[in-house]
Amino acid sequence: MDAYKSSGPGGQHCNKRESAVRLKHVPTGVIVHAAEDRSQHKNRALSTGALSRLILSDDSLRMAVNEFRTSKGMKPLKQDF
């Protein structure tokens, strides 16, 4: 995980501090980022949630991640409906 300054519109409310968050899943190289909020802590929570939603939204990706997790002795991800 790393924090960075996000660019874009916003005037006085633009990201002046490193509040944007980027997460990289090293084994797969999947990267997610969140810069919706001016709080790094809130963006960190959004990023992990975004990564989970991404994995669970694609059946082939979910199956690949679950195969990897099973090979490492981890429980598979569950899809909540």
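Mentor: In this predicted model, helix H1 (40–57) and helix H2 (59–71) each supply at least two residues of the lining of the largest cavity. The complete lining consists of His25, Thr28, Val30, Leu51, Ile55, Leu61 and Val65.

About 160 Å³ of space lies in the largest pocket, and its lining is made up of His25, Leu51, Ser52, Ile55, Val65, Phe68, Arg69, Met74 and Leu77. Here too, H1 and H2 each provide at least two lining residues. The class count for the largest pocket is six nonpolar, two polar and one charged. His25, Leu51, Ile55 and Val65 are named in the lining of the cavity and also in the lining of the pocket.

The two helices deserve attention next. Two packed helices are described by the angle between their axes and the distance between the axes. For H1 and H2, the packing angle is about 105° and the axes are 5 Å apart. The two helices are therefore roughly perpendicular to each other. On the H1 side of their contact stand Leu54, Ile55, Leu56 and Ser57, which meet Asp59, Leu61, Arg62 and Val65 of H2. The residues of this contact divide into five nonpolar, one polar and two charged. Ile55, Leu61 and Val65 thus belong to the helix contact and to the cavity lining.

Three strands form an open sheet in the order E1-E2-E3, with antiparallel pairing. Strand E1 (2–4) and strand E3 (30–34) stand at the edges with a single partner strand each, so one side of each lacks a neighbour in the sheet. Neighbouring strands of this sheet are turned by 25° against each other on average, with direction ignored. H1 packs on the sheet and touches E1, E2 and E3, and the direction of H1 makes about 140° with that of E3.

As for the pairing itself, strands of a sheet pair through backbone hydrogen bonds, either parallel or antiparallel. E1 is joined by three bridges to strand E2 (residues 20–25), and these two strands run antiparallel. Within that pair, Ala3 is placed opposite Val21 of E2. E2 and E3, also antiparallel, are joined by five bridges, and Arg22 stands opposite His33 in E3. The hairpin of E2 and E3 has four residues between the strands, and Gly29 takes a positive phi near 80° in this hairpin. Returning to the cavity, its lining includes His25, Thr28 and Val30, while H1 and H2 each contribute at least two residues to that lining.

Methods
Residues are numbered from 1 along each chain as its sequence is written. This is a predicted model: local features need pLDDT of at least 70, side-chain atom pairs count only at pLDDT 80 or more; totals for chains, interfaces and linings use all residues. Side-chain values use heavy atoms; hydrogens and water are left out. On a 1 Å grid over the protein atoms alone, a cavity is a set of points where a 1.4 Å probe fits but cannot get out, and a pocket is an open set with protein on both sides within 12 Å along at least five of seven lines; lining residues have an atom within 4 Å of a point. Grid points are joined across faces, edges and corners, and a volume is the space filled by probe spheres set on the points. Ala, Val, Leu, Ile, Met, Phe, Trp, Tyr, Cys and Pro count as nonpolar, Asp, Glu, Lys and Arg as charged, and the others, Gly among them, as polar. Axes are lines fitted to C-alpha atoms, for helices over the stretch in contact, and angles run from 0 to 180 degrees between N-to-C directions. Angles under 35 degrees count as roughly parallel, over 145 as roughly antiparallel, 65 to 115 as roughly perpendicular and the rest as oblique. Contact means heavy atoms within 4.5 Å. Two strands pair if DSSP finds at least two bridges between them.
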